[in-house]
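Let's take a walk through this protein, one part at a time.

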Amino acid sequence: MRIAYWNIRAGGGKRAQWIVDQLLAWRPHVVGLCEFRGTEASTELAGNLAEAGFAWQRDTVLRRAPATNACFIAAREPFQRVGLKTSPPDPVRWLMVRLASGLVVGILHAPNYVTGRKRPYFDAVTAFARRWRGGPAIFGGDTNCGVPPVDGNPDAFSEWESRWIPGLEKAGWADVYRQFEPDAPCYTWYSPNAGNGYRLDQAFINRPALPRLRGARYEWGAHPDAPDTRHALSDHAALLVDFN
């Protein structure tokens, strides 16, 4: 079973059909998207995925503000949304479902630092991680964060940002990619101005699910009309996570 996490950039826009084609080429069982929107492009994207077999879908789109970035999950098997007893980190930037096969899959999208909402969001995710007792689970997406220096320029992260991923690990949630590449630099987003690379997209898996983990890698989407352009489909790389 494969989960594909991907920030598709501004709802997909004119790239939506190519995004669907790329997702299908990766052959996932579950898709978790960041920057999904209630726009025509995202709606068509979801419809095309449904026609391709991803019949079970949920999103966190604000119907009163369809252009707001939201989260989206689609799967090839039935699932139910997982509600939390306490408030979720952000109801638009957080979504969890339990697959019929038992695994809980979550998608998150952390706010940018300049919004002032990033630290409360991180605190809420950490609190969730510490109290979760719902069985095997994984959550991932665009965290706008990393562990310097291996994940990018240390000057780009505040002290509390740098502590966040290690804090999740202490709470029992392992950084999926680092289970296979503990020290290798790998960048999933590049600054459009300075050109600096950062690994801003991760997934975190709890101890009950860890024995099922078989692989994790990052891949950039490829547009057939621009095969050598890294950001032709999105400015983020996708994270592909494999389970037995």
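## Helix 1 and what it lies across

Start with helix 1, residues 16-26, which lies across strand 1 (2-7), strand 2, strand 13 and strand 14 (238-243). The helix runs at about 155° to strand 1. Some ground rules: this is a predicted model, where local features need pLDDT of at least 70 and side-chain atom pairs count only at pLDDT 80 or more, while totals for chains, interfaces and linings use all residues. Residues are numbered from 1 along each chain as its sequence is written, and side-chain values use heavy atoms, with hydrogens and water left out. Helices (H or I, at least four residues) and strands (E, at least two) are DSSP runs, numbered from the N terminus. Axes are lines fitted to C-alpha atoms, for helices over the stretch in contact, and angles run from 0 to 180 degrees between N-to-C directions.

Which residues of helix 1 are buried? They are Ala16, Ile19, Val20, Gln22, Leu23 and Trp26. Seen down the helix axis, these residues fall within an arc of 165°, so they line one face of helix 1. (The arc is that of the directions from the helix axis to the C-beta atoms; buried means under 20% relative accessible area, exposed over 50%, and partly exposed in between, with a 1.4 Å probe and protein chains only.) Here's the handy rule behind such patterns: an α-helix has 3.6 residues a turn, so residues three or four places apart point the same way. The buried residues of helix 1 pack against strand 1, strand 2, helix 2 (40-51), strand 13 and strand 14.

Six of them make an open sheet in the order 3-4-2-1-14-13, with mixed pairing. At the edges you'll find strand 3 (56-59) and strand 13 (213-219), each pairing on one side only. Neighbouring strands of this sheet are turned by 15° against each other on average, direction ignored. Two strands count as paired if DSSP finds at least two bridges between them.

Zoom in on strand 2 (residues 30-36) and strand 4 (residues 70-75): they run antiparallel and are joined by 6 bridges. Gly32 stands opposite Ile73 in strand 4.

## Nonpolar cores

A nonpolar core is a set of buried Ala, Val, Leu, Ile, Met, Phe, Trp, Tyr and Cys residues joined through side-chain atoms within 4.5 Å. The largest one here has 29 residues, and Tyr5, Val105, Ile138 and Val241 have the most contacts inside it. Among the strands that each supply at least two residues of this core are strand 6 (94-99), strand 7 (104-109) and strand 12 (201-206). A second, separate core has 24 residues, including Trp6, Ile8, Leu49 and Val61.

What does Val241 touch, leaving aside its neighbours within four places in sequence? Its contacts (heavy atoms within 4.5 Å) include Met1, Tyr5, Ile138, Val176 and Leu213.

## Salt bridges

How many salt bridges does the structure hold? There are 9, each being a side-chain nitrogen of Lys or Arg within 4 Å of a carboxyl oxygen of Asp or Glu. Lys118 and Glu161 make one of them, with their closest N and O atoms 2.5 Å apart. Lys118 lies in helix 3 and Glu161 in helix 4 (residues 159-170), so the pair ties together parts that are 43 residues apart in sequence. Lys118 and Glu161 are both buried.

Arg178 and Asp151 form another, at 2.8 Å from N to O. Arg178 sits in the loop between strand 9 (173-175) and strand 10 (189-190), and Asp151 in the loop between strand 8 (137-142) and helix 4, 27 residues apart.

Most residues other than glycine have a negative phi, and most peptide bonds are trans. Ala10 has a positive phi of about 55° although it is not a glycine. You'll find Ala10 in the loop between strand 1 and helix 1, partly exposed at 33% relative accessibility.

Arg27 is exposed, with a relative accessible area of 69%. Finally, look for the cis peptide bond joining Pro148 and Pro149, where omega is about 0°. Pro149 is in the loop between strand 8 and helix 4.
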